[in-house]
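Me: Could you take a close look at one part of this model for me? I'd like one connected walk-through.

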Amino acid sequence: MIKLYAVSTCGHCKTLKKMLEEGDFTFDSVDVDLLFGKERRNMLEEVRKLNKRCSFPTLLIGEKVIVGYREDEIKE
């Protein structure tokens, strides 16, 4: 399972999303900044559990968390 937590205006988030799409990875993606109210608060809480700084992109691959655009680490 791969899940990408992103911000719609973030260049690194867009690059990572494009890399996943072009690499034929199956993944879920959520642009946290486009959520509202309780849904947004819940999603930010979810991100903070994975990445205390709550920075983006935050990528969850199985149990592994990768923060930022780290192409080599992601392709492993």
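Which element of the chain has the lowest mean pLDDT, and which the highest? After that, please zoom in on Lys 3 and the strand around it, β1 (residues 2-6).

Reply: This is a predicted model, where local features need pLDDT of at least 70, side-chain atom pairs count only at 80 or more, and totals for chains, interfaces and linings use all residues. Residues are numbered from 1 along each chain as its sequence is written, and side-chain values use heavy atoms, leaving out hydrogens and water.

Helix α3 (residues 71-75) comes lowest with a mean pLDDT of 86, while strand β2 (residues 28-31) comes highest with 98; pLDDT is the predictor's confidence per residue, from 0 to 100. The chain averages 95, with 100% of its residues at 70 or more.

Now for β1. Helices (H or I, at least four residues) and strands (E, at least two) are DSSP runs, numbered from the N terminus. β1 pairs (at least two DSSP bridges) with β2 in the parallel sense over 4 bridges, and Ala 6 sits opposite Asp 31 of β2.

Lys 3 counts as buried because its relative accessibility is 18% (buried is under 20%, exposed over 50%, partly exposed in between, with a 1.4 Å probe and protein chains only). Leaving aside residues up to four places away in sequence, Lys 3 touches Asp 28, Val 30, Met 43, Glu 46, Thr 58, Leu 59 and Leu 60 (heavy atoms within 4.5 Å). Its side chain also makes a polar contact with that of Glu 46, at 3.4 Å (N or O atoms within 3.5 Å; within protein, one able to donate a hydrogen and the other to accept it, and sequence-adjacent residues counting only if both atoms are side-chain atoms).
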